[in-house]
Amino acid sequence: MTENKQIVTRFAPSPTGYLHIGGGRTALFSWLFARRHHGKFLLRIEDTDRERSTDAAIEAIFEGLRWLGLNWDGEVTYQFARQARHKEVAEQLLASGHAYHCYASQEELEEMRAKAKAEGRPMKYDGRWRDRPASDAPVGVLPVIRFRSPDEGETVVRDHVMGNVHVDNAQLDDLIIVRSDGTPTYNLSVVVDDHDMGVTHIIRGDDHLTNAARQSQIYKALGWDVPEFAHVPLIHGPDGAKLSKRHGALGVEAYRDMGYLPEAMRNYLARLGWSHGDDEIFSTEQAMEWFGLDSIGRSPSRFDFVKLENLNGHYIREADDARLADDTIELMTRIGDWNVDEDFRAKFIAAMPGIKERAKTLIEVANGADFLRVTRPLPIDEKADKILDAGAKFLLAELLLRLEHRNDWTAANIEEEVRAFAEKEGIKLGKIAQPLRAAVTGTTVSPPIFDVLAILGRDEALERIRDHVN
């Protein structure tokens, strides 16, 4: 680790779409590492692809990070706005002899490509303009600028996850760092931005491992310190194949809209490729205390919706009832047809202990509150309708006579009355509790029925029962 130097990490997405779940994990790892070491976590938007970069995608990245609770430090850096600086560094490399102008035509490059294909090897620029004088330049041709890559020896990428990765320099051709239209390329821009932002540790997907070798060469040519790397294996689906939409390769906001809690997502994503002993459930504070790059595994992790749902269920059960109610109301107002008032909110909070016990997502929490939103006459689902047969309605009518005399309408008093009724009739409690649930909720699944009756209030509860005995 860099000695006596503040740790600085960064997350640098391209705004060409939503913040996908793999990007969310990369951001989380970078954020955890910075927070553990009391360093900085910076955000850079790599918006140099002007055709595909959109303001909507940038906002989606911001929203995704905010929802995950990954606050960044300082102002956001926009890569496109720094092109003049990137070109300045390219000129510096030209002046030092670490870069050169290349006038190879498209036809020449196509010939190199065809020859490589015929010989069964990857295309590699042959360096034909590496040492030619500017006087040989063809008239009217705009050159590219190529980095003069070392042609002997090897480049070693020292990586916290992959170990020391040795790359034979002969395998790397002379990289274009500025295109013929004057726009800098990715590998140069990234090096300049990371250096100028003071980044000490680069945590990213292992699909960038080859780039790390090229970038290390550029750092050294400029006399700059090479940051420490941690290349994280990508996330695969449960079947071991590359993560796709059918596996869960969705935007972070899709998980928000499916009713997952941000603390559950942080916990789950942290465990995708990183571990702390056998700990499966841990707080964000614990993750910050424990997180280390050397505990990231070298094998791809597998995305598992079942594990995520179970973990989310744990966090729902642990969550404050009022917070859960507010989060659910916000979600369902945004994606559904909810339009609720303070009276509903109060009843929702009161019902939450029973609702959240079995729920694994906020959508299921919302479904558990359906009995509060429906209006009489209640829609009755198929299972509830079967329960409400003639015998059940007769029992409900008899019970109604007893309940109508109770004014002390609490869950405990209602339960006392119903149990006394069941004992008098010589039936098991379920024989009356299930018809009661069907009558007042329209379903066979709900929070504890006595809580439901109390939360609905005496008048509403009795009216719902009367609808099935008259």
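Is arginine 334 buried, partly exposed or exposed?

Modeller: Arginine 334 is partly exposed, with a relative accessible area of 36%; here buried means under 20% relative accessible area, exposed over 50%, and partly exposed in between, with a 1.4 Å probe and protein chains only. This is a predicted model, in which local features need pLDDT of at least 70 and side-chain atom pairs count only at pLDDT 80 or more, while totals for chains, interfaces and linings use all residues. Residues are numbered from 1 along each chain as its sequence is written, and side-chain values use heavy atoms, leaving out hydrogens and water.

The partner of arginine 334 is aspartate 257, and the closest N and O atoms of this salt bridge are 2.6 Å apart. A salt bridge is a side-chain nitrogen of Lys or Arg within 4 Å of a carboxyl oxygen of Asp or Glu. Because aspartate 257 belongs to helix α7 (residues 252-257) and arginine 334 to helix α11 (residues 321-335), the pair ties together parts that are 77 residues apart in sequence. Helices are DSSP runs (H or I, at least four residues), numbered from the N terminus. Aspartate 257 is also partly exposed, at a relative accessible area of 24%.

Arginine 406 takes part in two further pairings. One is with aspartate 408, with 3.0 Å between the closest N and O atoms; the other is with glutamate 416, at 3.5 Å from N to O. Arginine 406 lies in the loop between α16 (390-403) and α17 (411-425) and glutamate 416 in helix α17, so this pair ties together parts that are ten residues apart in sequence. Arginine 406 counts as buried, at 15% relative accessibility, whereas aspartate 408 is partly exposed at 38%.

The whole structure holds 46 salt bridges. A network of them links Arg10, Arg44, Glu46, Arg82, Arg85, Glu88, Asp193, Asp194 and Asp196.

As for the nonpolar setting, the largest core has 127 residues, and those with the most contacts inside it include Leu93, Ile177, Leu188 and Ile218. A nonpolar core is a set of buried Ala, Val, Leu, Ile, Met, Phe, Trp, Tyr and Cys residues joined through side-chain atoms within 4.5 Å. Helix α1 (residues 21-36) supplies the largest share of this core, eight residues.

Methods:
Helix = DSSP H or I, 4+ residues; strand = E, 2+ residues; numbered from the N terminus.
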